[in-house]
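Reader: I'd like a close look at one part of this structure. Could you pick it apart for me and then show how it sits in the whole?

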There are 2 protein chains.
Amino acid sequence: MSARILDGESFAAQIHREAAARATALTRKGIIPGLVFIRVGEDPASRAYVSRKETRAKEAGISSRTLVMPESTSLPVLLKEIDLLNADPKVHGILIQSPLPSPLPNDVVYSRVLPSKDVDGFHPVNFGKLLLGDESGFLPCTPAGILEILRLGGINTRGKHAVVVGRGQIVGRPLAVLLARKSPGADCTVTLAHSSTPDLPSITKQADILIGALGRPLFLTKEHVKPGATVIDVGVNRISDSTNPRGYRLVGDVDFPSVQSIAGAITPNPGGVGPMTIALLLSNTLRAAEDAIR
Amino acid sequence: MSARILDGESFAAQIHREAAARATALTRKGIIPGLVFIRVGEDPASRAYVSRKETRAKEAGISSRTLVMPESTSLPVLLKEIDLLNADPKVHGILIQSPLPSPLPNDVVYSRVLPSKDVDGFHPVNFGKLLLGDESGFLPCTPAGILEILRLGGINTRGKHAVVVGRGQIVGRPLAVLLARKSPGADCTVTLAHSSTPDLPSITKQADILIGALGRPLFLTKEHVKPGATVIDVGVNRISDSTNPRGYRLVGDVDFPSVQSIAGAITPNPGGVGPMTIALLLSNTLRAAEDAIR
């Protein structure tokens, strides 16, 4: 038996179509939803990632552009640009691509974006609302995308045991909180496990829904999985590969062939969580634009 | 065999002594730490609770007073008072006693307090910093007090399995996040269980550290506890009692006599978490005053 595939590309395409319809409705009202990316420096992965997000946004009818700033940009200059975008009524969403060059303090930069334009969901106010259960905030795109995978994949979550492996601030911790909320598509008993968890398989084998967000290549195998469980692979890890022109390839946290033989449903990687993260960015941007005209 | 008592009164007294020493040091520098309580309406439990906190603060050398506003106070009038206290350099901490009269929106009121004076730790920015792991924020007093009980009680937490029963925004959710942090006094595998958890004993019996924060009187019994576990009782529940002049008495979530027979360590209730919540309020206020002169 082989697990059902939770096809992130197909779910994301559905969200993109909904986004395009919402953008059209806004445009008819005279509002063109606007999204600005800020990229500081020329990190190749960031270039590719921002470019892909910008393309997707344009396809959905969102006016988007990327502000490229040199690696040497000072903090005051970057904050000034953020302030200008905060004040610009044509800009509904602002995304500052991470990682920032190391001299720039993440906390100062990310908390400068107006919470109402923080479509990445990284502002402390939006994280705080997430923890408080206040739905007026923006959710970070990757955890929100995982909830959508479960919803669109028809996975029952209520009263199920979800085990999140990895306690990072962008995925593991917020996702654990979201899965425990008393709301549809959540309401799970949630265990947050991590690098200090002894005997990890004894924990992960309890999971009806298992999330790999640890950042260890191909770490989770069938030894970690209860038969029939739903497995979501968040990992994006580089491993060296001399047969690849780049010298490496990207793999997840889940050893797919091993786990697929025992799981009930599983995300591929790539093609699972990644496309959903972009799709939720578009949803957040449209909500920012819709909120702006209320 | 009977569990060791984690004496919250004695731990709190230790924190009060430290607070008094910090207040003295500040006063020598010409800074009198200042704390203002706002109480809206005449709820008897709120009156008693604010009065006790004010007394404790004064004992520690913190200048404190209570602003009492009528039940009928309008939102603009309350916000104006908060703004005045935000602007007053002699006021380092502001605590708005909950519950507010129902017409007043909690989210608007609590987020009006400057995060740097939010010694209750209820502002979304402080909740966000908690989730992000940014230690510059104020932690909510009850979860922070529970961490101190574990520390002062000499309970090893690293790699242990903590089960938090109850997903409330003030205790359960933030405590689960804090216990999972990669830092001393935490670093637990954490499970957040709640009213939708099926077969609760199968989850709670895995706990090395079990936290009852469900709000169900005497709900947790020895059937829920692994022998030798540490048990922390956060509950404050009213049950009717005709032998009591008030017609009720307060009990926790833990059936103490039953659980004491099997646990390794246990908080009494009252005399466990309650006094620690007040002690941590004083610590937060002193930090606010210390931060203000940096």
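This is a predicted model: local features need pLDDT of at least 70, side-chain atom pairs count only at pLDDT 80 or more; totals for chains, interfaces and linings use all residues.

Which residues does B:I211 touch, not counting residues up to four places away in sequence?

Author: Leaving out residues up to four places away in sequence, B:I211 touches B:I146, B:A162, B:V164, B:V165, B:L175, B:I232 and B:V234. One of those, B:V164, turns up again when you look at the largest nonpolar core, which has 172 residues. The residues with the most contacts inside that core are B:I211 and B:V164, along with A:V164 and A:I211.

Now for the sheet. It is an open one of 12 strands with mixed pairing, and its order runs β1(A)-β11(A)-β8(A)-β7(A)-β5(A)-β6(A)-β6(B)-β5(B)-β7(B)-β8(B)-β11(B)-β1(B). At the edges are β1 (4-5) of chain A and β1 (4-5) of chain B, each pairing on one side only.

Strand β5 (residues 161-165) of chain A pairs with strand β6 (residues 189-193) of chain A in the parallel sense, over 5 bridges. Within β6(A), A:L192 is the bridge partner of A:V164. Helix α7 (residues 172-180) of chain A packs on this sheet and touches β5, β6 and β7 (209-212) of chain A. That helix also touches β6 (189-193) of chain B, and its direction makes about 165° with that of β6(A).

What about the contact between the chains? It takes 32 residues from chain B and 32 residues from chain A. On the side of chain B that touches chain A, α5 (124-132), α7 (172-180) and β6 of chain B each supply at least two residues. The biggest giver there is α5(B), with 9 residues.

As for how the copies are arranged, a rotation of 180° with 0.0 Å of shift along its axis superposes chain B on chain A, at an RMSD of 0.0 Å. The two copies are thus related as by a two-fold rotation axis. The same surface serves both copies, since 100% of the contact residues of chain B recur in chain A.

Stepping back to the layout of chain A, the domain assignment gives domain 1 (30-119) and domain 2 (141-273). Taken over C-alpha atoms, the centres of domain 1 of chain A and domain 2 of chain A are separated by 29 Å.

B:K80 counts as exposed because it has 11 C-beta neighbours inside 10 Å. Its C-alpha atom is separated by 38 Å from that of B:V251, 171 residues apart along the chain.

Conventions: Residues are numbered from 1 along each chain as its sequence is written. Chains are lettered from A and ligands numbered from 1 in the order in which they are written. Copies are superposed by least squares on the C-alpha atoms of residues with pLDDT of at least 70 in both. Two residues are in contact if their C-beta atoms, placed from the backbone, lie within 7 Å. A residue is buried if 20 or more other C-beta atoms lie within 10 Å of its own, exposed if 12 or fewer, and partly exposed in between; C-beta atoms are placed from the backbone. A nonpolar core is a set of buried Ala, Val, Leu, Ile, Met, Phe, Trp, Tyr and Cys residues joined through C-beta atoms within 7 Å. Domain bounds come from an automatic or database domain assignment. Two strands pair if DSSP finds at least two bridges between them. Helices (H or I, at least four residues) and strands (E, at least two) are DSSP runs, numbered from the N terminus. Axes are lines fitted to C-alpha atoms, for helices over the stretch in contact, and angles run from 0 to 180 degrees between N-to-C directions.
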